[in-house]
Amino acid sequence: MSRALGTAVPRRRGRVPAALLIPAGFGLLFLVLPLTGLVLRAPWTTLPQRLTEPGALTALRLSVQTATLATVFCLLLGVPLAWLLARVEFPGRRLVRALVTVPLVLPPVVGGVALLLVFGRRGLLGGWLDATFGVTLPFTTAGVVLAESFVAMPFLVIAVEGALRAADHRYEEAAATLGAGRWTTFTHVTLPLVAPGLAAGAVLCWARALGEFGATITFAGNYPGRTQTMPLAVYLALETDLESAIVLSLVLLVVSVSILVALRDRWMTSA
Amino acid sequence: MTGRGGRTTLAAVAAFAVLVMAGCGGGDDPGSAGAAADGRVTGTVTVFAAASLTESFTRIGRDFEAANPGTTVTLNLAGSSALANQINQGAPADVFASAAPRNMTTVTEAGNADGTPSVFARNQLVIAVPRGNPAGVTGLAGLTRPGVKVALCADQVPCGAAARSALDAAGVTLTPVTLEQDVKGALAKVRLGEVDAALVYRTDARAASADVTGVEFPESARAVNDYLIVAVKDAPNRAGARAFVAYVRSAPAQAVLAEAGFQAP
């Protein structure tokens, strides 16, 4: 869809209005300056030995694994939910859409407490899970995935719903007139149609899950190798050693930015 | 313990001020009272205090305002290390009350203290268990039984360091399910019944006595935590800062601290 625009744009190049350019520059500066602060304060001489500390790598591995699992979980449940919101008329749809965004406005720590009240040992479902299957989620890696999914899923649902609403309905209608059922239409027409939006949503979701702190420490606790993700390790490092915390933050930044850039090149190469 | 003489003088001045104030009673012109060493104490006193002082410093702050009409105490409550960092980065604090000597040292070594910090309270650990003590915990040894879930503070924060000393003193090795970022986090896990026990300060257990029972254990005497207070060097309200520090060491404030479960220094 960017092709049609692409042919028209070059003619107007060089006439970027200052009213847009200046605030854009300040916006970029506002986002990038704090990162510069981190880079400048980083203890570059001791960086290699701090990086190879086993605790840091364990936390990094756990972070990447849980964020990825959380994204898969969110895709499995969030894409159907986005489809429902975008394509099916049902009473209370506005309310449902508002409910989906609740985790966005809820302080993550409160989200963690809410999860405990439902999935905790004495929670509404957690007690039953424990009694019936002997499964307890708090203080487990599965608990980390659950907490991250709770906080990150709205990003995916909103992005995919937006893509679905923007997509051209006529392709789906054509598929239907040609005899395709709703499921076939969904898998063969709708999903490919919204693939860029889906990828963008998944990337946002993954990034949010990777940086998750409040819900994770509240619901899953903090134990090295099991539930201590990178943001938790950074927070605790801040208690004693600012430079360690800076190094850990930079590692998290470098890893996430490289993965995001790599994925962008692979998934969203339309230009 | 150095510089006690100076502090005693200050304390006496503040106590005198309190007495004068109390004598004046309501309705009298506050302008005639409250002479501190370098002028009347007025304005806002900004107190950076450790999170574990939340309940007691809220009361002490109110009492201080009542004793010094025209003053307002503003509390900034957070982890001691975060507060120490904020002060060293130039935050406009008048007073710093730390839950651990280490965080106070961060401030004094940076040259940001006005005088020598003094110990104004001590705190000990207890085993916090959910009401009714479902796992039947009576001492540190009971925490190692299989199936008993325990929350500790992380070693990096004061309550975690204290827990480590107490466990070492008792020769107990245990694997907690979580190492919490602060004492309130550990306490929350007990309140919600997610763990069977947590090592927290006695004051925290007492503040949560509706949901939590504190089990005393002898080894806690081996891991007593000192709370220190000092006026900040670049305090925007220097007279107010010194008066507040003196007030915290006075009998009325010490009574509030004792009621919260703190021990006297």
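Predicted model: local features only at pLDDT ≥ 70, side-chain atom pairs only at ≥ 80, totals over all residues.
Residues are numbered from 1 along each chain as its sequence is written, and chains are lettered from A and ligands numbered from 1 in the order in which they are written.

**View 1. Helix 4 and helix 12 of chain A pack together.** Here you can follow helix 4 (residues 54-87) against helix 12 (residues 195-210), at an angle of about 135° and with axes 8 Å apart. Axes are lines fitted to C-alpha atoms, for helices over the stretch in contact, and angles run from 0 to 180 degrees between N-to-C directions. Helices (H or I, at least four residues) and strands (E, at least two) are DSSP runs, numbered from the N terminus. The two helices of chain A are therefore oblique to each other (under 35 degrees is roughly parallel, over 145 roughly antiparallel, 65 to 115 roughly perpendicular, and the rest oblique).

**View 2. Residues where helix 4 of chain A meets helix 12 of chain A.** From helix 4, look for S63(A), A67(A), T68(A), A70(A), T71(A), C74(A), L75(A) and V79(A); their partners in helix 12 are L198(A), A202(A), C205(A), W206(A), A209(A) and L210(A). Contact means that C-beta atoms, placed from the backbone, lie within 7 Å. The residues of this contact comprise eleven nonpolar, three polar and no charged. Ala, Val, Leu, Ile, Met, Phe, Trp, Tyr, Cys and Pro count as nonpolar, Asp, Glu, Lys and Arg as charged, and the others, Gly among them, as polar.

View 3. Residues 64-86 of chain A are 100% helix, with end C-alpha atoms 31 Å apart. Residues 245-263 of chain A are also 100% helix, and their end C-alpha atoms are 27 Å apart.

**View 4. Where chain A touches chain B.** On this interface, 14 residues of chain A are in contact with 13 residues of chain B. Helix 14 (residues 230-240) of chain A gives the largest share of the chain A side, four residues. That side holds seven nonpolar, four polar and three charged residues.

**View 5. The two domains of chain B.** Domain 1 covers 4-122 + 226-259 and domain 2 covers 125-222, with bounds from an automatic or database domain assignment. Seven residues of domain 1 of chain B are in contact with nine of domain 2 of chain B.

Definitions and conventions. Contact = placed C-beta atoms within 7 Å.
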